[in-house]
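Have the structure open as you read.

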Amino acid sequence: MDVVGLWCVALAVLTWGFLRVWNLEERMRSPEQAGLPGAGSRALVVIAHPDDEAMFFAPTMLGLARLEQQVSLLCFSSGNYYNQGEIRKKELLQSCAVLGIPPSRVMIIDKREFPDDPEVQWDVEHVASTLLQHIHANGTDLVVTFDAEGVSGHSNHIALYKAVRALHSGGKLPKGCSVLTLQSVNLLRKFVFLLDLPWTLLSPQDVLFVLTSKEVAQAKKAMSCHCSQLLWFRYLYVLFSRYMRINSLQFL
């Protein structure tokens with residue numbers, strides 16, 4: 001009876017979570033979402049490598065588009081760790097097209113100063129100055145990037161957070177430009193999507209984007225553009241990761 005009771009409680013919590021998600025999903029369609037710039041604003045999603053946009057930020061990119069924001073993407077490397085840089089740049093453009101971002105709004109930095117290498121620490125000041133140039137050039141109202149843990153712990157992801165944090169705390173961002181960071185979660189929450197739903201809804205966050213089933217298919221299609229990266233474990237990631245379906249974010 002105790003086991004049956006626990007299962008009933010778990011089912012009730014999951015059902016409540018799904019209902020909350022449905023209500024939140026409907027509210028996400030409104031540009032009045034707390035703290036976000038209104039329709040027509042310009043958002044810049046900042047990533048470290050091609051495939052970050054599909055693996056981690058697809059809910060945010062599709063959610064912002066749903067709110068009628070103009071989304072651009074800045075990628076700080078070509079993903080050349082295995083000498084596949086040229087291939088991965090093309091895959092990134094294809095993925096972004098699936099996510100509704102034309103090539104004209106995709107910027108790829110392919111410089112020796114920013115190698116795709118978890119063992120290399122990018123110069124945070126150099127990252128910050130480069131990022132600030134793009135923020136000004138694009139008239140950016142909202143910057144979205146990784147948080148202090150970088151979701152996967154990759155040093156290149158963390159360097160982006162440190163750079164945008166330095167710009168924010170130093171008062172160097174344009175007036176009215178906000179910063180959102182993608183929340184990192186523990187390994188269990190990251191890969192047990194259904195159990196993570198209630199936890200996410202009960203946890204503090206400033207912005208929550210939840211994809212519809214149609215949008216999840218769109219995110220998976222974007223990830224499938226990265227053929228060079230689709231090893232067996234990536235298929236498992238696409239099936240089970242919360243980041244293919246949910247993004248919870250915090251303002252700096």
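Arg-242 sits in the loop between helix H10 (232-240) and strand S7 (246-251). Helices (H or I, at least four residues) and strands (E, at least two) are DSSP runs, numbered from the N terminus. This is a predicted model, where local features need pLDDT of at least 70 and side-chain atom pairs count only at pLDDT 80 or more, while totals for chains, interfaces and linings use all residues. Residues are numbered from 1 along each chain as its sequence is written, and side-chain values use heavy atoms, leaving out hydrogens and water.

Is Arg-242 buried or exposed? With a relative accessible area of 0%, Arg-242 is buried (under 20% relative accessible area; exposed is over 50%, partly exposed in between; 1.4 Å probe, protein chains only). Contact here means heavy atoms within 4.5 Å. Not counting residues up to four places away in sequence, Arg-242 touches several residues, including Phe-193, Asp-196 and Ser-248.

Now for the salt bridges: a side-chain nitrogen of Lys or Arg within 4 Å of a carboxyl oxygen of Asp or Glu. By this rule there are six, among them these:

| Pair | N to O distance |
|---|---|
| Arg-234 and Asp-51 | 3.9 Å |
| Glu-215 and Arg-66 | 2.6 Å |
| Glu-86 and Lys-89 | 3.0 Å |

Glu-86 and Lys-89 both lie in helix H4 (residues 85-98), three residues apart, about one turn of the helix. Arg-234 counts as buried at 17% relative accessibility, and Asp-51 does at 4%. Glu-215 and Arg-66 are both buried too.
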